[in-house]
Amino acid sequence: MEQVVERQPPFILNEHGDVEVFDSEVELLSYVESIDILNKEYEVWDSSGRKFGLRADPKMLTDGPLQELELEALLRRYARYLYGNGYVSHEPLSKTSIKDLIDFICHFQRTRVGYKEHFFVRIKKMFGKIFRK
């Protein structure tokens with residue numbers, strides 16, 4: 001009997017070092033594009049550190065192994081990038097938990113000047129998909 005893995009939102013998407021955090025699996029799957037999934041452009045984790053695969057048709061997450069250290073390293077690199085480029089006023093401490101790193105990045109995403117642009121990019125993608133049919 002196959003063990004069911006409980007997914008722990010939020011979900012973290014890595015696209016070549018650009019990190020996005022999504023509150024739900026539905027939100028994540030509506031954001032990713034099938035062609036990019038096929039080209040293996042993304043890596044996905046949940047907040048527990050479990051890494052997931054992505055299927056393109058139909059779009060869905062596939063269960064994967066726990067990889068907490070890899071997720072933590074990604075989040076720390078991204079937090080250093082944000083700090084080093086002046087997007088945030090401080091860098092998280094080295095003892096900061098994965099949950100707190102995710103919260104740090106979520107706070108940046110929701111308060112950054114470009115967040116509205118990010119929102120409009122997502123809306124544009126959504127309408128593009130609708131009108132391509």
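This is a predicted model: local features need pLDDT of at least 70, side-chain atom pairs count only at pLDDT 80 or more; totals for chains, interfaces and linings use all residues.
Student: Let's start with helix H3. How many residues does H3 have, and what span does it reach?

Tutor: Helix H3 (68-84) has 17 residues and reaches 24 Å from its first C-alpha to its last, close to the 24 Å expected at 1.5 Å a residue. After H3 comes Gly86, with a positive phi near 80°.

Student: How should I read which way the residues of a helix point?

Tutor: An α-helix has 3.6 residues a turn, so residues three or four places apart point the same way. In H3, the buried residues are Leu71, Leu74, Leu75, Arg76, Tyr78, Ala79 and Leu82.

Student: What do the buried residues of H3 pack against?

Tutor: Their partners are strand S1 (11-15), S2, strand S3 (43-46) and H4.

Student: Now for the helix pair. How do I describe two helices that pack together?

Tutor: Two packed helices are described by the angle between their axes and the distance between the axes. For H3 and H4, the angle is about 40° and the axes are 10 Å apart.

Student: Is the crossing of H3 and H4 left-handed or right-handed?

Tutor: The crossing of H3 and H4 is left-handed. On the H3 side, the residues that meet H4 include Leu71, Leu75, Arg76 and Leu82. Those in H4 are Ile98, Leu101, Ile102, Phe104, Ile105 and Phe108.

Student: Which residues touch the most other members of the largest nonpolar core?

Tutor: That core has 18 residues, and Ile12, Val19, Leu75, Ile102 and Ile105 touch the most other members. Strand S2 (18-22), helix H3 and helix H4 (98-111) are the elements that give two or more residues to this core. H4 gives the most, with 7 residues.

Student: Could we look at one of them? What does Ile102 touch?

Tutor: Not counting residues up to four places away in sequence, Ile102 touches Pro10, Ile12, Val21, Ser47 and Leu75.

Methods:
Residues are numbered from 1 along each chain as its sequence is written. Side-chain values use heavy atoms; hydrogens and water are left out. A nonpolar core is a set of buried Ala, Val, Leu, Ile, Met, Phe, Trp, Tyr and Cys residues joined through side-chain atoms within 4.5 Å. Buried means under 20% relative accessible area, exposed over 50%, partly exposed in between (1.4 Å probe, protein chains only). Helices (H or I, at least four residues) and strands (E, at least two) are DSSP runs, numbered from the N terminus. Contact means heavy atoms within 4.5 Å. The expected span of a helix is 1.5 Å times one less than its number of residues. Axes are lines fitted to C-alpha atoms, for helices over the stretch in contact, and angles run from 0 to 180 degrees between N-to-C directions. A crossing is left-handed if the near helix is turned anticlockwise from the far one by less than a right angle, and right-handed if clockwise.
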